[in-house]
Amino acid sequence: MPWIDVLDGGMLTTVQDTGRAGSQRYGVPVSGAMDGFALRAANRLVGNPAGAAGLEMTLTGPELRFESTAIVAITGADLAPQIDGEPVANWRTLRVRAGSVLSFAGVRDGLRAYLAVAGGIDVPIVLGSRSTYTRSGLGGFDGRALRTGDRVPVGENQSGLSPKMFAMPAHEVPRYGHACTVRVILGPQDDAFSDDGRGTFLDASYTLTTQSDRIGCRFQGPPIRHHAGADIVSDGTVFGAIQVSGDGMPIVLMADRGTTGGYTKIATVITADLTKIAQAIPGDRVRFTAVDLEAAHTLFDQQESWLDAIDPGEAGHVEEAVFEEDSGAPLAAGGYQSLADALADRHGDGSRDRDARSKP
Amino acid sequence: MPAPPRIRPAGDRALVVEYGVAIDPATNRSVRALGCLLDGLAHPGLVETVPTYRSLMVHYDPRRVSLSELRRLIDEAHDRLDSVRLPPAKVVDIPTVYGGAYGPDLADVAAYHGLTPDEVVTIHAGSEYLVYMMGFTPGFPYLGGVSPRISTPRLATPRTLVPAGSVGIAAQQTGIYPTASPGGWRLLGRTPVRLFDLSRTPPVLFEAGDYVRFVPVDADHYGTIQNAVEARTFVPVVRPRE
């Protein structure tokens with residue numbers, strides 16, 4: 001079985017997949033990628049199934065050496081990836097040679113990058129998932145973040161020896177920036193807040209604080225006032241729930257959130273916008289705006305279609321890769337099909353309404 | 001037949017189905033019964049149901065089930081609530097050493113209520129507690145029905161580290177910490193039993209709807225059980241509930 005040697009684990013690098021659904025009734029958090037959209041895009045770029053595990057790499061990124069030739073893709077935050085010291089592009093299929101070292105020069109945009117490797121990261125499946133929940137030492141690589149000396153197993157490449165290559169054209173690559181508007185569905189406990197409280201929440205701007213992690217992203221801003229107290233009889237939680245405790249500050253519950261909670265939740269971030277929160281860094285500013293469920297479902301559907309359109313495996317949609325000297329350097333643009341073209345082909349109507357697409 | 005639940009969106013991939021706002025066994029039964037019925041449908045659009053004290057979180061995939069169909073499935077399940085036969089409840093014995101280093105708050109709880117520590121133990125170990133739900137950390141049971149005679153508020157300042165197996169109370173709840181974690185519950189004792197163990201399927205000893213009974217043991221017995229737990233030869237005492 002091929003593997004990846006960890007030369008440096010970086011700030012926080014963990015094995016994650018789409019999460020551990022089905023065990024919340026036992027109190028087991030779902031975990032999974034904070035930016036599930038970016039991880040799934042990376043998996044599609046290397047021909048992996050959507051549920052394959054990859055690496056979530058935070059801020060500084062790790063330093064990794066590939067034991068054998070591998071087909072990889074890096075998505076999510078732009079941490080300035082390099083292979084053997086040469087810059088390589090995010091959001092495209094890459095081939096790295098045996099012995100090559102992947103490192104990161106420093107964050108340029110966003111917070112969390114994802115590495116997918118054809119064949120997937122092949123750690124044992126725990127309760128249906130390879131995701132790491134570090135607080136309980138559950139899943140992933142020994143239940144913890146990667147560190148120097150770890151040897152991370154990679155599954156056999158199911159997508160074949162001559163993979164298709166795919167690159168996201170520059171205008172399709174998500175840019176995160178430092179200010180964004182996040183769409184939410186109000187509730188389930190929006191009625192626990194005063195009209196003023198709801199108004200504040202939707203009018204004001206909130207700044208991400210350093211007290212943020214994979215459990216939740218804590219924001220600072222004008223306090224959101226309750227009219228009936230901040231405590232409720234504990235109920236279930238979802239990814240993106242915006243909890244407001246007694247101090248009036250919003251906390252967006254994220255991948256490692258507890259399965260139940262006893263604070264009021266004023267609203268929930270729509271699925272298509274979770275990537276924005278996952279990629280925010282402390283100091284970034286967020287405004288919340290309410291949409292209805294129908295709009296959220298349309299945006300969700302568009303985001304899923306966007307992912308589906310990354311389809312390196314589909315005959316006729318992409319050309320064979322042309323490697324130059326077996327290097328991981330970016331390939332000639334002619335070897336790739338743009339995502340917009342793929343979408344247009346798929347929809348059969350030439351539609352390229354990118355504004356309507358739920359681009360992060 | 002319970003009144004129809006209040007259904008609220010929890011984002012665009014889950015609905016909260018609320019049967020009330022209070023903690024009581026009848027409300028909790030409705031929640032679990034609805035979950036049982038929905039799980040039984042094995043509908044591809046229903047991802048997961050999570051029962052809590054008074055509401056069921058229904059996670060769904062909006063690409064595989066429309067909101068209107070999901071609401072219809074919930075309505076139909078609700079109409080069948082009285083007919084559902086829940087899995088038979090069991091009672092799991094949890095051997096517990098009370099007081100001393102195992103239960104550092106036992107003396108304070110006794111003093112708070114003007115009781116002796118032994119009286120607190122007798123009251124705490126004298127009930128079978130319903131597992132209303134699990135949450136917080138893997139395997140943590142929320143047990144209701146603590147006698148008002150020993151009900152005690154949380155610590156003003158939570159401990160930064162509560163040892164695994166600690167048995168605590170908070171107001172009218174009691175619970176067991178499956179793993180070492182921060183916590184503010186008043187600690188009465190500790191059990192060597194592993195509440196969450198991945199070598200079991202499922203990894204928990206009991207689920208929402210089951211009951212827990214605390215059985216006082218001495219420190220020697222604790223050690224014997226702990227050795228058996230580590231040797232994986234420990235078999236918990238489990239009985240069907242009458």
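Author: In this predicted model, 38 residues of chain B are in contact with 33 residues of chain A. On the side of chain B that touches chain A, the elements that give two or more residues are strands β1 (6-9), β2 (14-18), β3 (46-51), β4 (55-60) and β6 (128-134) of chain B. Of these, β3(B) provides the largest share, 4 residues. Sorted by class, this side of chain B holds 24 nonpolar residues, together with 7 polar and 7 charged ones.

Let us now turn to chain B itself. Its domain assignment gives domain 1, residues 6-83, and domain 2, residues 90-240. The C-alpha centres of these two domains of chain B are 30 Å apart. Where domain 1 of chain B touches domain 2 of chain B, each of the two gives 7 residues to the contact. On the domain 1 side, helix α1 of chain B, residues 25-41, supplies the largest share, namely 3 residues. That side of domain 1 of chain B consists of 4 nonpolar residues, 2 polar residues and 1 charged residue.

Helix α1(B) also packs against helix α2 of chain B, which spans residues 67-79; the axes lie 9 Å apart and form an angle of about 125°. The crossing of α1(B) and α2(B) is right-handed. From α1(B), the contact is made by Leu34(B), Leu37(B), Leu38(B) and Leu41(B), and from α2(B) by Leu73(B), Ala77(B) and His78(B). By class, this contact between α1(B) and α2(B) has 6 nonpolar residues, 1 polar residue and no charged residue.

Leu106(B) belongs to helix α3 of chain B, residues 106-113. Is Leu106(B) buried or exposed? Leu106(B) has 22 C-beta neighbours inside 10 Å, and therefore it counts as buried, since the cut-off is 20 or more. Leaving aside residues up to four places away in sequence, Leu106(B) touches Tyr98(B), Gly99(B), Pro117(B), Val120(B) and Leu188(B). Arg194(B) is 88 residues away from Leu106(B) along the chain, and the C-alpha atoms of the two are separated by 22 Å.

Among the contacts in chain A between residues at least 6 apart in sequence, 77% join residues at least 24 apart. The domain assignment of chain A gives domain 1 (3-172) and domain 2 (179-296), with C-alpha centres 28 Å apart. Here 19 residues of domain 1 of chain A are in contact with 13 residues of domain 2 of chain A. On the domain 1 side, α1 (36-45), β5 (70-78) and β10 (109-117) of chain A are the elements that give two or more residues, and β10(A) gives the most, with 3 residues. This side of domain 1 of chain A has 9 nonpolar, 7 polar and 3 charged residues.

Terms used:
Residues are numbered from 1 along each chain as its sequence is written. Chains are lettered from A and ligands numbered from 1 in the order in which they are written. This is a predicted model: local features need pLDDT of at least 70, side-chain atom pairs count only at pLDDT 80 or more; totals for chains, interfaces and linings use all residues. Ala, Val, Leu, Ile, Met, Phe, Trp, Tyr, Cys and Pro count as nonpolar, Asp, Glu, Lys and Arg as charged, and the others, Gly among them, as polar. Domain bounds come from an automatic or database domain assignment. Axes are lines fitted to C-alpha atoms, for helices over the stretch in contact, and angles run from 0 to 180 degrees between N-to-C directions. A crossing is left-handed if the near helix is turned anticlockwise from the far one by less than a right angle, and right-handed if clockwise. A residue is buried if 20 or more other C-beta atoms lie within 10 Å of its own, exposed if 12 or fewer, and partly exposed in between; C-beta atoms are placed from the backbone.
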